[in-house]
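Reader: I am new to this structure and would like to go through it by question and answer. Could we start once the sequence and the structure are shown?

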Number of protein chains: 2
Amino acid sequence: MQTTPHTTDTPSPESAAYAPTDRTIPTRSRERASYDHESVHAILDEAYVCHLGFVRDGAPVVLPTLYGRVGDRLYVHGSTGSRPLRMAGAAADRDPGLQVCLTVTHVDGLVLARSAFHHSINYRSVVVHGTAHQVTDPEEKRLALDALVDHVVPGRSADSRPADTKELAATAVLRLDLNEVSAKARTGGPNDEPEDMDLPHWAGVVPLRKGHDALIPSADLAPDITVPDYLIEL
Amino acid sequence: MQTTPHTTDTPSPESAAYAPTDRTIPTRSRERASYDHESVHAILDEAYVCHLGFVRDGAPVVLPTLYGRVGDRLYVHGSTGSRPLRMAGAAADRDPGLQVCLTVTHVDGLVLARSAFHHSINYRSVVVHGTAHQVTDPEEKRLALDALVDHVVPGRSADSRPADTKELAATAVLRLDLNEVSAKARTGGPNDEPEDMDLPHWAGVVPLRKGHDALIPSADLAPDITVPDYLIEL
């Protein structure tokens, strides 16, 4: 963990931490928050989906979606006909952007305390606030789509057919800069009250499993195609 | 899967499905959506955290949080000082409620297609739209807190110390009725284009692991406390 400067300056690309803001300083459990690039990026890179929130007709909408990261930029994608992508402004020359909150959460364990009140979960999460904009530059769009595929399985974009012109036209990509962002984590066992320690209830943590089970090849996969190294190492 | 009536009638408690609305009919992949109680409840009951979206100063906020279900009601809780719970209106006699979108997602597998475009994930998700209200009835509040603990580990609320008066006062509970809600799921292998079938790329699914690893008892757990049955069966 790096030092987290408690200022509202915009961080330069070289700085080690994102600057906290009113929205990224938690009202509770501030000791669980961190802002350093390393913590934020590690949590983002390990998850498969984010939950993307936006406002539609004054009401919140939260949808799960894939994403990719390139440095301090996140990318999400979807059909050009999908709601958030339409809302981000198809007319790129006057793109108003879309205010979003993008959240990623790992549930690492179930925390069982002697008291109901102190039950909890061990988790790591990242919350990003900002305005997402449509990516119109073809080069950046290709880079973003590669990042989206490589986010699911590192190394995979180089071992699949890239999008053709028609597929590129059907896909909209939104960019969200990592600027107003924080990580939060809980680790360890239950925090029971001293007077509860002699209660006869089991207390501890149920760690949740990570990783994957045996690969399932497509039924129509040619028998001479072997499992590539990047999947063996996954 | 049951028949999903395509109407906007409010479902009665006995009906087998939630009525689709403009917000719960997807703009794309409509065949992946379902509204029957069984599918919706099963997805909700299997997950540990939801992502709760609300609007604050005109901008979306998405936070991960625990939840519980009692029939057609969902409950979330938090400190009485936390933002969404304050926003839901502490003055219960004129509780304006809080417009929320509560989303739950399981990532079941990574879908690797021959083309970058057809990469996907297998998932199951539920999206609930509605207005959340503070629970002020003491009986309902206790029921909700039990449901929150039992959601994490079924049977656990009966084997822990219930909240005392001070803990109850420090905890706010929000109720969200399941009314405008849909489930969505993707299963199976990649959907490659016919002309891509002879490409030399591995294709198939990486199924993600479920379940948990060995329990970690608290370091200070009395040695005569054995692992309860509800944890052995977890």
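Reader: Leaving aside its neighbours within four places in sequence, which residues is Val128(A) in contact with?
Author: The model is a predicted one. Val128(A) belongs to the largest nonpolar core, which has 112 residues, and is among the members that touch the most others, along with Tyr75(A), Val126(A), Tyr75(B), Val126(B) and Val128(B). Once neighbours within four places in sequence are set aside, the contacts of Val128(A) are Leu74(A), Cys101(A), Leu102(A), Leu176(A), Leu178(A) and Val181(A).

Reader: How many helices and strands does chain A have, and what percentage of its contacts with a separation of 6 or more joins residues 24 or more positions apart?
Author: Chain A has five helices and 11 strands. The C-alpha atoms of chain A fill a box of roughly 65 × 50 × 40 Å along the principal axes. Of the 234 residues of chain A, 40% count as buried. Among contacts in chain A with a separation of 6 or more, the part from residues 24 or more positions apart is 69%.

Reader: Why can the copies be said to meet through the same surface?
Author: In chain A, 80 residues are in contact with 80 residues of chain B. The copies meet through the same surface because the share of interface residues of chain A that are also interface residues in chain B is 100%.

Reader: Which element gives the most to the side of chain A that touches chain B?
Author: The elements that each supply at least two residues to this side of chain A include β2 (49-56), β3 (59-66), β7 (120-134) and α3 (138-152). By class, the side of chain A that touches chain B has 47 nonpolar, 21 polar and 12 charged residues. With eight residues, the element that gives the most is β6(A).

Reader: Which residue of β11(B) stands opposite Val205(A)?
Author: β10(A) pairs with β11 (residues 216-217) of chain B in the antiparallel sense over two bridges. Within chain A, β10(A) is also joined to β6(A) by four bridges, again antiparallel, and there Gly109(A) stands opposite Pro207(A). Across to chain B, Gly204(A) faces Pro217(B), and Val205(A) stands opposite Ile216(B).

Reader: What covers the buried residues of α3(A), and which element of chain B is included?
Author: α3(A) has 15 residues and reaches 22 Å from its first C-alpha to its last, close to the 21 Å expected at 1.5 Å a residue. Its buried residues include Lys141(A), Asp146(A), His151(A) and Val152(A). The cover includes β3, β4 (68-70), β5 (73-79), α4 (165-170) and β8 (171-177) of chain A, and from chain B it includes β6 (98-112).

Reader: Is strand β8 of chain B largely enclosed or largely open, and which residue of β8(B) stands opposite His133(B)?
Author: Six of the seven residues of β8(B) are buried, so this strand is largely enclosed by the rest of the structure. Seven bridges join β5 (residues 73-79) of chain B to β8(B) in an antiparallel run, with Gly78(B) opposite Ala172(B). β7 (residues 120-134) of chain B pairs with β8(B) over two bridges, also antiparallel, and here His133(B) stands opposite Arg175(B).

Reader: What distance separates the C-alpha atoms of Ser29(B) and Arg186(B)?
Author: Ser29(B) sits in the segment before β1 (33-34) of chain B, and its phi, near 50°, is positive in a residue other than glycine. Ser29(B) is exposed, with 11 other C-beta atoms within 10 Å. Ser29(B) and Arg186(B) are 157 residues apart along the chain, and their C-alpha atoms are separated by 9.5 Å.

Technical notes. Residues numbered from 1 in each chain as written. Chains lettered and ligands numbered in written order. Predicted model: local features only at pLDDT ≥ 70, side-chain atom pairs only at ≥ 80, totals over all residues. Contact = placed C-beta atoms within 7 Å. Nonpolar A, V, L, I, M, F, W, Y, C, P; charged D, E, K, R; others polar. Pairing = 2+ DSSP bridges. Expected span 1.5 Å × (residues − 1). Buried ≥ 20, exposed ≤ 12 C-beta atoms within 10 Å, placed from the backbone. Core = buried A, V, L, I, M, F, W, Y, C linked by C-beta atoms within 7 Å.
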